[in-house]
Amino acid sequence: MRSLRKTLLLAVLASVLLVLAILHSWPTRVYTTVDVWQRQGPEAEKHLLGRLPDADPLLSNISFHVRDHVASLLARNGCVCEGESGGVNLPFAQLLFPRVSAQLLHTAFNASQLEEVKQRRAKEFQSFQKRSQTSADVLILAQANSPLQYPTQGVEVRPLKTILVPGLALHHSHRRALYQVDLAATLGTLNVAADVDGVTVRGDGEMRMSLSSARLPSLNRQLQFVTYTNTLFHPSTADTVQLQSEGHRAAFSIRIRHGVTPKLYDSGPKLTCSPVPAEYNISALVTVATKTFLRYDKLQDLISSIRRYYPTVTIVIADDSESPKSISGPNIEHYIMPFGKGWFAGRNLAVSQVTTKYLLWVDDDFIFTADTKLEKLVEVLERTTLDLVGGAVREVTGYTSTYRQTISIEPGEDDGDCLHMRRGFHHVIQGFPNCVVTDGVINFFLARTDKVQQVGFDPRLARVAHLEFFIDGLGALHVGSCDDVTVNHSTKLRLPWVSQSESDKTYAKFRYPPASSDAAHTKNGLLFFKNRFQCLTRN
């Protein structure tokens, strides 16, 4: 009897703490993120001056007053990761009163090898910059009142092809004896597609070309026929074209790249002609993908729950159990991997076999319910520019989590950038009041198959990994989260009188390695070297 009372008391206490956690984390109308560090006064003034273009001698002596609340928002030359100290060490304290923690990532390496690792990383980063940056990334400033007219953006040519350069013209308010425009390119040649009487063309077919005429209208007519031909092949780069006339100079970029090859999915007609979201043919649009390891009882519960609501949807299973069991049935694909190959390797395998427009990622211990409305998630992706939208996972206690995370990168110097992760989101999606835009979500999401395959999952993350996928996809994935589509999570609570099975012990050993394990070092090492971060902060 006394044991029962003690158990009930603990259950009530846990329930109260969970209610407090829900109330504490409930989103407010105005959402703010945590600023982990801020510098004011002379430091802000020095920082602001460093962001200005080259000093104009006519302006440098004019005084100004810094607006600290604005200047402090500008990106700095270096970044710092600072955590919050203090707080109380109680159960659920981090959930109820989240504090920002900071972690230096170079600690994943021994001190004796750190300098060599940094040198290798610096060399790889320089190579990455050469591959990824083009002339289109260079800042170009237009001079004031320039008589030159030229395109500012939108000029594009296929590799080794020719285009007419649009919008070139010269506007002079004073008459001159001779009008001249000079052009120069670096990755291609310049020419004219037609000759205009009274205009002299020099250097046609070369990287530098000059056009001149005594009549401005004739020169402008000739400028309409200027062509650019790419001569140095690259599948995706840019050329900067320089033009000048009587001391006036300008420059513009020409994108050189292949057209994007579309990857379209024919999902067939809707089940009816009705525009109602529920009429989406989920079996033709969505494949359910999961990774399993040892937990065949939970996997079978997942499959049974999926079949209750979506009888014909395809289920793809990646399995790296030591002694795989047969999982068969209509529209089930079971792929066997080497034992303990790992979490992200299994994700890669499962995702690689998806042929539908969308994939739904689920853990193998989830349970579909009447609230697992995939049609709602499909509707969000069909009507927005989002690439991925997460749902919510409901625990046996009733607590529901979306695990929304904002991810930002603060530029650093030679030591690397700073990675900041915070709970929360950016803004609500118009037309979907239960959905928000964020950067990372929980392990229950619907995504465009081609975008997930494009980002991929690093197979070196075998044990502990989740947000690393969203970090790799930052800038490539447009992520959302909806809290009105939920899936249940099988209970992880084990009654005291029920002994843990050998299978559960083996699973726990692989799934929950200690913080000092090789898995944690691998994770931090990849953030340090592959992603070039020096530190990370999170709450």
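Hi everyone, and thanks for coming. Please keep in mind that what you have on screen is a predicted model. I'd like to walk through its cysteine pairs one by one, and then turn to helix H10.

So, how many disulfides are there? Taking a disulfide as a pair of cysteine sulfur atoms within 2.5 Å, the count comes to three.

Let's begin with Cys79 and Cys418. Their sulfur atoms sit 2.1 Å apart, and the two residues form a disulfide. Where are these two cysteines in the fold? Cys79 is in the loop between helix H3 (68-71) and helix H4 (93-96), while Cys418 belongs to strand E21 (residues 417-423), so this bond ties together parts that are 339 residues apart in sequence. The handedness comes from the torsion: about the S-S bond of Cys79 and Cys418 it is about 85°, so the disulfide is right-handed. As for accessibility, Cys79 has a relative accessible area of 9% and is buried. Cys418 is buried too, with a value of 0%.

Next, please find Cys81, which a disulfide joins to Cys535, with an S to S distance of 2.1 Å. Cys81 lies in the loop between H3 and H4, and Cys535 is in strand E26 (residues 533-538), so here the pair ties together parts that are 454 residues apart in sequence. The torsion about the S-S bond of Cys81 and Cys535 is about 75°, so this disulfide is right-handed. Are these two cysteines buried or exposed? Both Cys81 and Cys535 are buried.

That brings us to Cys435 and Cys482, joined by a disulfide with the sulfurs 2.0 Å apart. This pair links distant parts of the chain, from Cys435 in strand E23 (residues 432-438) to Cys482 in strand E25 (residues 479-489), 47 residues apart. With a torsion of about 110° around the S-S bond of Cys435 and Cys482, the disulfide is right-handed. Cys435 is buried, and Cys482 is as well.

What pattern do the disulfides follow? If you count the bonded cysteines along the chain, the pattern reads 1-3, 2-6, 4-5.

Finally, a quick stop at helix H10, residues 374-383. The helix is mostly covered, with seven of its ten residues buried. Which ones are they? In H10, the buried residues are Leu374, Glu375, Leu377, Val378, Glu379, Val380 and Leu381.

Conventions:
Residues are numbered from 1 along each chain as its sequence is written. This is a predicted model: local features need pLDDT of at least 70, side-chain atom pairs count only at pLDDT 80 or more; totals for chains, interfaces and linings use all residues. Side-chain values use heavy atoms; hydrogens and water are left out. Helices (H or I, at least four residues) and strands (E, at least two) are DSSP runs, numbered from the N terminus. Buried means under 20% relative accessible area, exposed over 50%, partly exposed in between (1.4 Å probe, protein chains only).
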